[in-house]
Amino acid sequence: MAEEYTNESIVSLKGADRIRKRPAVMLGSDGLEGCEHAFFEILSNSLDEERQGFGNRVIVRYNADKSISVEDFGRGVPLDWNENEKRYNWDLVYCELYAGGKYNNNQKTYTLGTNGLGACATQCTSEYMEVVSCRDDIKYSISFKKGAVSGKLRKEPLNKRHSGTIVKWKPDIEVFTDIDIPLEYFTDVLKRQAFINRGITIELIYEHQSNQGSYLKPAESGERVFKESYYYKNGIIDYIKEITGDAVPGTEDQNTDDYSEQDTDDDTDTESGKKPSKTSKATGGRTLTLPVYATTERVGRDREDQEEYSVMIEAVFCFSSAVSRIEYYHNSSFLEHGGSPEKAVRSSFTKAVDNYLKQNNKYSKSDQKISFSDIEESLVLIISSFSNKTSYENQTKKAINNAFIEKAMTEFFLRRLEVYFAENPADAERIATQVMINKRSRENAEVMRINLKKKLSSTLDISNRVEKFANCRSRDASIRELFIVEGDSALGSCKLARNAEFQAIMPVRGKTLNCLKSSYDKIFKNDIIVDLLKVIGCGVEIRSKSHKELEQFDIKTLKWNKIIICTDADEDGYQIRTLILTMLYRLLPTLIREGKTFIAESPLYEIAVKDKIMFAYDEKEKTKIITQLGNVKYTVQRSKGLGENEPQMMWQTTMNPESRRLIKIMPEDEDKTFKMFNVLLGDDIQGRKRFIAENGYRYVSMADI
């Protein structure tokens, strides 16, 4: 029976419990993601200080006991008495929500922390926190434990003149379900912050007692430690060079203004420094254009009755047929979900490229307008914007929704692209050609998707059956097994040997297509592969931007508990098995990861003793059986192919769950598997030559010469 609901049923959380008992409200999650975001809040405070010109170095330490420290060399956070608020600043900053020093920012000050929540939320969700602030020739120290202050503010004179803040804390396992932050998180976040905040050095010291790989080196303390330093002199320009692998003219030892396009007025565009060449050429490889750097600063408001604020936009973009990447950052926070910048980019880039295509007669009469996806596939774009008023979708700062920022970015990119296309006709032509190629590929893929969907999603019945497929009676996918067998002869013997209640047989006719070297167009024109995909019944997984969403993959629609590849134990059988595995690896890799794929191990030898036959699956097993027989008379013969076996033998050796041997295909080393597939069946011709030269002698006796 439910408890009575009275006036006294309403309870108010107070103090640190407001955050400790509901951390996801402030930090986005009560799991590892929330723990990571708490770190980002403290890091952001240090970077805000450095970005305003107070210091140029931040040190991050992740200790073996899972405690974290962030040290900067800024002005030092004020911790002493605040006469205006009649409270200590340590209490306001680390114990009070919506308290901080960034509410009275002027129009030209840009900071990530604006809500006064991050430091308090991190402190309240910590097992302990220690804050040391050096300012005014005094070292201030304060400690907290589980959301409450622990001791009084300590003051002592500094031995040498310097300033800065050190915050050390340990996330509380009573608050978060996981506090073991992986190295990869730190390396990713700190690298991003380094290129967004150019000229700032961010150092990482990551300690862990467990062995996490060869990149860890023993430290003097006996712990295992990883050290890395991140620094980008030219910020996002250097970062885009990493992505494309191409050099940007003028960046070696020059200020970024030497090759930037500046826009410093709301209505009038001006340029400073060297203007990009009108006949710039791509730097080689498959990069279509050189990176273009552009920046502007605008002032506006989200609504007529609201106050004005300023936004600074910095962007680098180029076009490539080899790589695509779009990343948005605002006040140095990575906007994983985009928001206003993404809407602006989609609108402005689509309109600018579409206008160019129309003006230069690139469309045929039957052509539909391009979509942003046609541009996105060849676009490398990094945007870093800052504003002193930001409307984040939530405290985790993964998207913004400022109306003025969207408008300012849309106008800025539209004008920049129009000027760029006019001043760089060769680049514009390359971009237009590639976008139209992407458009044609997308449209062809859509036609293929519709046709393939019809083939794969239709129900198998008497009017839509797969030739020679022998289904089973059960509809229970948890027990059904699909045997993929080699040819019609194996089909016959397997049909007679199987348990028709839960075992189905699908023959493949001859050697299937090598899916690793074939295009998707060619693959889906192959009847054997399409029939097999139709029988498996869960769609396909496409690793191609031009064919994404070709056919929705849904493992819930998989009709089988086990997919068993069953081929002869000879060279032809091994090759067919490898080709089927390659097909599954490329089109249905999730089935391998989920442990649904098996190989039926066929015996190599039959050892007959009187009226009994024993089976050996390799030479070692044959020798062991013969040794055990001793002086008993026996005969040994090579096992027949699947099509020649008696049904009783097939059931015993291959199909009976109680006596058969299955090899489960494991996904542990996917990268290694792909490399070997690529050597043996893919485009790595030089690798294949080396493999044959090094290993060919082992197989000479098997060659059909």
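Which helix lies across β19, β20, β21 and β22? That is helix α18, residues 647-655. Hold on to that picture while I set the ground rules.

This is a predicted model, where local features need pLDDT of at least 70, side-chain atom pairs count only at pLDDT 80 or more, and totals for chains, interfaces and linings use all residues. Residues are numbered from 1 along each chain as its sequence is written, and side-chain values use heavy atoms, with hydrogens and water left out.

A word on names. Helices (H or I, at least four residues) and strands (E, at least two) are DSSP runs, numbered from the N terminus. Axes are lines fitted to C-alpha atoms, for helices over the stretch in contact. Angles run from 0 to 180 degrees between N-to-C directions.

Back to the sheet under discussion. It is open, with 5 strands in the order β20-β19-β21-β22-β26, and its pairing is mixed. Two strands pair if DSSP finds at least two bridges between them. The edge strands are β20 (503-508) and β26 (662-664), and each pairs on one side only. From one strand to the next, the twist averages 30 degrees.

Look at β19, residues 481-486. It pairs with β20 in the parallel sense, over 6 bridges. Glu486 stands opposite Val508 in β20. Contact here means heavy atoms within 4.5 Å.

Next, a second open sheet. It has 3 strands in the order β24-β23-β25, and the pairing is antiparallel. β24 (612-616) and β25 (635-638) stand at the edges with a single partner strand each, so one side of each has no neighbour in the sheet. Neighbouring strands are turned by 25 degrees against each other on average, direction ignored. Strand β23, residues 605-609, is joined to β24 by 5 bridges.

Strand β16, residues 325-330, is next. It runs parallel to β18 (residues 379-387), with 6 bridges joining them. Glu327 stands opposite Ile382 in β18. β16 also runs antiparallel to β17, residues 333-334, through 2 bridges. There, Tyr329 stands opposite Phe334. The hairpin of β16 and β17 has 2 residues between the strands, and Asn331 takes a positive phi near 50 degrees.

What holds such strands side by side? Strands of a sheet pair through backbone hydrogen bonds, either parallel or antiparallel.

Now helix packing. Start with α3 (residues 32-51) and α6 (residues 183-196). Their axes come within 12 Å and cross at roughly 30 degrees. That makes α3 roughly parallel to α6. The cut-offs: under 35 degrees is roughly parallel, over 145 roughly antiparallel, 65 to 115 roughly perpendicular, and the rest oblique. The crossing of α3 and α6 is right-handed. A crossing is right-handed if the near helix is turned clockwise from the far one by less than a right angle, and left-handed if anticlockwise.

Which residues meet in α3 and α6? From α3 come Glu36, His37, Phe39, Phe40, Leu43 and Leu47. From α6 come Tyr185, Phe186, Val189, Leu190 and Gln193. They divide into 8 nonpolar, 2 polar and 1 charged. For those classes, Ala, Val, Leu, Ile, Met, Phe, Trp, Tyr, Cys and Pro count as nonpolar, Asp, Glu, Lys and Arg as charged, and the others, Gly among them, as polar.

α6 also packs with α7, residues 236-244. Here the axes come within 7 Å and cross at roughly 125 degrees. α6 and α7 are therefore oblique to each other. Lys191, Phe195 and Ile196 in α6 meet Ile236, Tyr239 and Glu242 in α7. By class, that contact has 4 nonpolar, no polar and 2 charged residues.

One further helix pair: α14 (residues 527-536) and α15 (residues 571-587). They pack at about 65 degrees, with axes 12 Å apart. The crossing is right-handed. Ile529, Leu532, Leu533 and Ile536 in α14 meet Met583, Leu584 and Leu587 in α15. That gives 7 nonpolar, no polar and no charged residues.

Last topic: salt bridges. The rule is a side-chain nitrogen of Lys or Arg within 4 Å of a carboxyl oxygen of Asp or Glu. The count comes to 38. Take Arg161 and Asp137, whose closest N and O atoms are 3.1 Å apart. Arg161 lies in the loop between β8 (154-157) and β9 (164-171), and Asp137 in the loop between β5 (126-135) and β6 (138-145), so the pair ties together parts that are 24 residues apart in sequence.
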